[in-house]
Amino acid sequence: MSAFLTGRELSTMLLNGYRNLLRNSDLINDLNVFPVPDGDTGTNMTRTLSGGVGNAKDDAAAGSYMKAFARGTLLSARGNSGVILSQFIHGLAEGMADKEEISLADFAYAMSLGQRDAYHAVMKPTEGTILTLIRQGAAFLQENSFESFENCLKALIAHLRDVLQHTPELLPVLKEAGVVDSGGAGLVCIFEGMEAALRGEVIESDGAADSSLKETAPVTMGSFGPDSVLEYGYCTEFILQLMHAKCDIAKFSLQPMIDYYESIGDSLVAVMDCDIVKIHVHTFTPDKVIAYARQFGEFLTFKMENMSVQHSEVVEQKQGPKDKYAVVAVTCGEGIDSYFKEIGVKVTVSGGQTQNPSAEDFLAAFRKANSQHIIVLPNNSNIILTARQAADLYTDAQVHVIDTKSMAEGYSALSMMDLYADTVEELLESMTMPLEGVTTGQVTTATRDTCMNGITVKQGDHIGLADHKILSAAANAVDAAMEMLQALEEMEDKQVLTVFYGEDLTDEELEELQNRVEEAYPLLETGYLYGGQPVYSLIMAIE
């Protein structure tokens, strides 16, 4: 029994917590309020936590270990649940700062700061979610005392399980769906894994599952061959551990390194955190980058890519003055991605349901945008927090996040965008004004039986949703779409319908939909575009 924890013990516990979360991520994904195949809370929380596991050293003091762990989760955060989790961990790290080892009192204090930061992460905190478990857990530790961490975590988990079971009483939509909160379930999994480590139970790594989270793209040669010319240099990134044997860490200044790398490269991003330096630079001489850095320390991680074969990096390398405005938009589906670029988006970020981008993904897009003002369209309610977090981290431009909650809202904002506006305020007004009048319609396939909003749904049914409410259930996508439109109370006031059809909709279904919409709504201006999106057969912007 232990009343103190070292950095190494914290590392073992958090690694176990991560693996337990990973092992249960599919079950957590299935705790989706709507019976649609887009549950991703377990995946988002796992990927967020993996950033901490990969960023922190297990032999550090408790405080410095948690600081590095928190930084890793911050950059890896995905989705609302991931952002809240990363901010919770940020608070934990602040509460353990400068500690060689942490006591039970330190842990209780850190939990209170974790609660503070988690609630600050969202504009309108909702009870019955992971926030409730964090708050109740922090209060539980303040109100009770324990002799060991083993007893503390065992009691805390029992309390959190009870709180989790009561989340449907606090959030009616959970009760109607017959599920508990997925983010809260993920938090319980993390603490369960941590407690198991204290008992000596090591959760083994699932190699196949771990590898699926690395998201490493396969190496591609593109058109680069033996007679090619290196046009764009190398994208070079590393994390450097400063070494006492090589420099005076207390007196080390990042500025000379910045000055030197700017002289041999561009697109430089340099961050120093105590004795850790993180660098991103584009250069034709990566050997000089490496040699200079090794004067001061040794690499913890290193990545270098030939940008001549990385088509997504080409825009970033074009030299010249910054644009006044640039739009960065999250897209899903090749058709939506292509069309959004045609109507004014400069950089797209692959995302959408089940594949939420991280803060690091947004930061890369911001660098590529090369603009004075960057307007961000998250186009998914579960991505807004991540976009805001990345905006707070980025310092080379003014980043403005418009809270678009769907691809339809993103399309509506883009359709009225005025990139020639004199001021950014006028541009933002042109994009936000139409959002009040747009309704998002979606058609997908039900993953389970349920009854919501008075609609009985069977697994396999096609369901029509409007602004996150189920309005129809039918045997096919076209029937579901028409019934959904007919159920919209404000449909008679709508003038424009734009339909993005997905990868699974057949030509026959599309033609039938067009004919039936024209017959039912002859005065409605309609447009049909190939979106190629997964999950949703149809995404509709109804304006």
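**Close-up views of a predicted model**

**View 1. Arg294 and Glu298 pair up in a salt bridge.** The N to O distance between their side chains is 3.1 Å. A salt bridge here is a side-chain nitrogen of Lys or Arg within 4 Å of a carboxyl oxygen of Asp or Glu. Arg294 is partly exposed, at 40% relative accessible area. Glu298 is partly exposed too, at 28%. Buried means under 20% relative accessible area, exposed means over 50%, and partly exposed lies in between (1.4 Å probe, protein chains only). The structure holds 15 salt bridges.

This is a predicted model, in which local features need pLDDT of at least 70 and side-chain atom pairs count only at pLDDT 80 or more, while totals for chains, interfaces and linings use all residues. Residues are numbered from 1 along each chain as its sequence is written, and side-chain values use heavy atoms, with hydrogens and water left out.

**View 2. Arg388 and Asp403 form a salt bridge.** Their side chains meet at 2.5 Å, N to O. Arg388 sits in helix 18 (residues 384-393), and Asp403 sits in the loop between strand 10 (398-401) and helix 19, so the pair ties together parts that are 15 residues apart in sequence. Helices (H or I, at least four residues) and strands (E, at least two) are DSSP runs, numbered from the N terminus. Arg388 is partly exposed, with 22% relative accessible area. Asp403 is partly exposed, with 30%.

**View 3. Glu94, Arg116 and Asp117 belong to one network.** Salt bridges that share partners join these residues. In one of them, Arg116 meets Asp117, and the closest N and O atoms are 2.8 Å apart. Arg116 counts as partly exposed, at 32% relative accessibility. Asp117 counts as buried, at 8%.

**View 4. Domain 3 meets domain 4.** The domain assignment of the protein chain gives domain 1 (4-205), domain 2 (234-311), domain 3 (320-436) and domain 4 (439-542). Such bounds come from an automatic or database domain assignment. The C-alpha centres of domain 3 and domain 4 lie 26 Å apart. Their contact takes 15 residues from domain 3 and 14 residues from domain 4. Contact means heavy atoms within 4.5 Å. About 1100 Å² is buried between the two domains, and carbon and sulfur atoms give 70% of this area. Buried area is the accessible area (1.4 Å probe) that two parts lose on being put together, summed over both.

**View 5. Polar contacts cross from domain 3 to domain 4.** Four residue pairs are in polar contact across this interface, both residues being at pLDDT 80 or more. A polar contact is a pair of N or O atoms within 3.5 Å; within protein, one must be able to donate a hydrogen and the other to accept it, and residues adjacent in sequence count only if both atoms are side-chain atoms. The number of salt bridges between the two domains is zero. On the side of domain 3 that touches domain 4, helix 16 (334-342) and helix 19 (407-415) each supply at least two residues. Helix 16 gives the most to that side, with five residues.

**View 6. Gln533 is buried in a loop.** The loop runs between strand 17 (525-530) and strand 18 (538-542). Gln533 has 1% relative accessibility. A polar atom of the Gln533 side chain lies 2.9 Å from the backbone oxygen of Phe500. Beyond neighbours within four places in sequence, Gln533 is in contact with residues including Cys332, Ile336, Tyr501 and Leu538.
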